Amino acid sequence: MKYNYQNISVSKDFYKTQEGFSKCLERLDPSEQYRGTELENYDAFQRQLKRFDIKVSGEESDNLQKFFATSDSAALFPEYVSRAVKQGVDDSCILKEICAAHTQIEGMDYRAITADTDPNEQAPAVVEEGGFIPETTIRLKDHLVRLRKRGRMMAASYEAIKFQRLDLFTVALKQIGACIAKAQVEDAVDVLVNGDGNNNPAKKVALTASGSLTYKDLLNLWGSFGEYQMNVMLASPDMVLKMLQIPELQNPETGLNFQATGCLSTPLGAKLFVCSAVPEGSIIGLDKRYALEMVSAGGVRVEYDKLIDCQTERAAVTSIAGFSKIFPEAVKILS
């Protein structure tokens with residue numbers, strides 16, 4: 001059977017379209033027409049890899065030079081780079097755990113919304129017949145979300161890497177994505193602590209004794225959330241070390257779990273993450289359902305012209321993102 005994906009003329013012009021390379025390719029070769037076939041689990045880009053017999057993973061992965069065997073296959077290379085970098089970004093579990101919503105935009109200007117934040121005012125009231133129904137006001141914030149471009153310059157001559165296996169090259173690209181994700185986590189933590197420019201910094205819960213951490217401090221942080229739930233904790237490395245020394249957390253079950261998985265269980269029902277972006281001597285508690293919105297403009301971008309025409313050399317890999325605090329009361333900082 002002759003499939004449509006085998007007849008598409010792939011061009012770098014696909015990257016210039018407003019919809020982007022993947023969506024353009026998907027429009028020309030819809031995945032719906034492959035239902036019930038051996039290709040039903042492939043997207044349009046993966047079908048092109050199959051078309052040119054390019055294996056990007058596994059022990060039998062191809063050399064990088066296989067992408068440049070034809071002009072059509074060379075046009076696939078920037079998308080491969082973009083996907084590998086994005087995988088490195090997505091592997092950052094912290095961003096996934098602290099963002100209640102992820103908004104994709106096309107431009108650079110984005111104004112988030114806010115709503116009444118007092119739980120008592122939001123509580124539904126008993127409404128008598130013909131009586132007034134309490135309202136929740138949703139409005140735009142005063143200031144735009146600050147978007148920042150984060151990225152790395154990928155510098156490598158084609159001659160130096162053309163015989164490199166794609167499986168290993170993917171690992172290097174994922175590391176670039178991990179670096180971008182780390183920078184974005186720093187931006188997210190800054191918004192959690194200091195606010196997004198709309199007069200909404202995190203409220204502080206003071207330690208009972210400066211420079212120390214007790215179980216009572218954790219309980220005070222947990223109790224400060226009121227109607228919200230503290231289900232995620234971001235702690236600076238020094239505070240995690242202090243937390244491990246709290247007698248109430250030194251029970252056999254906690255110790256075995258930490259030794260086996262590296263994850264510290266807490267009796268407060270929150271996931272704990274060690275985060276170097278958190279200020280020293282601080283722990284951020286948040287309700288991940290209501291705390292933060294991540295705004296991305298265009299996803300991971302690569303300089304496709306350089307990757308295709310110059311065969312790598314120097315090409316920038318970037319991602320533009322920003323963060324907006326949704327409900328300020330859903331974030332507290334213990335310091």
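Please keep in mind that the model is predicted.

I will start with helix H4, which covers residues 77–90.

Next, is H4 enclosed or open? Ten of its 14 residues are buried, so the helix is largely enclosed by the rest of the structure. The buried residues include Phe-77, Tyr-80, Val-81, Val-85 and Val-89. Glu-79 and Ser-82 are also among them.

Phe-77 brings us to the rings. Over the whole structure, a search finds twelve aromatic pairs. One of the ring pairs is Phe-68 with Phe-77: the centres are 5.2 Å apart and the planes meet at 55°, so this pair is tilted. For that label the angle has to lie between the limits of 30 degrees for stacked and 60 for edge-to-face. Both partners are buried, Phe-68 with a relative accessible area of 14% and Phe-77 with 0%. The two also belong to a cluster, in which ring pairs link Phe-67, Phe-68, Phe-77, Tyr-80 and Phe-169.

Now the sheet. Five strands make up an open sheet with mixed pairing, and their order is S5-S11-S8-S6-S7. At the edges are S5, residues 203–205, and S7, residues 271–274, each of which pairs on one side only. On average, neighbouring strands here are turned by 25° against each other, ignoring direction.

Inside that order, S8 (residues 283–286) and S11 (residues 331–334) pair in the antiparallel sense, over four bridges. Which residue of S11 is the bridge partner of Ile-283? The partner is Leu-334.

Helix H8, residues 166–194, touches S6, S8 and S11, and its direction makes about 80° with that of S8. Helix H10, residues 237–244, touches S6, S7 and S8. The direction of H10 makes about 115° with that of S6.

Last, the cysteines. How many disulfides does a search of the whole structure find? The count is zero. Cys-179, at 28%, counts as partly exposed.

That is the end of my part.

Conventions:
Residues numbered from 1 in each chain as written. Predicted model: local features only at pLDDT ≥ 70, side-chain atom pairs only at ≥ 80, totals over all residues. Heavy atoms only, no water. Disulfide = S-S within 2.5 Å. Buried < 20%, exposed > 50% of the residue type's maximum accessible area, 1.4 Å probe, protein only. Helix = DSSP H or I, 4+ residues; strand = E, 2+ residues; numbered from the N terminus. Expected span 1.5 Å × (residues − 1). Pairing = 2+ DSSP bridges. Axes fitted to C-alpha atoms, helices over the stretch in contact; angles between N-to-C directions. Contact = heavy atoms within 4.5 Å. Phe/Tyr/Trp six-rings, centres within 6.5 Å; stacked < 30°, edge-to-face > 60°.
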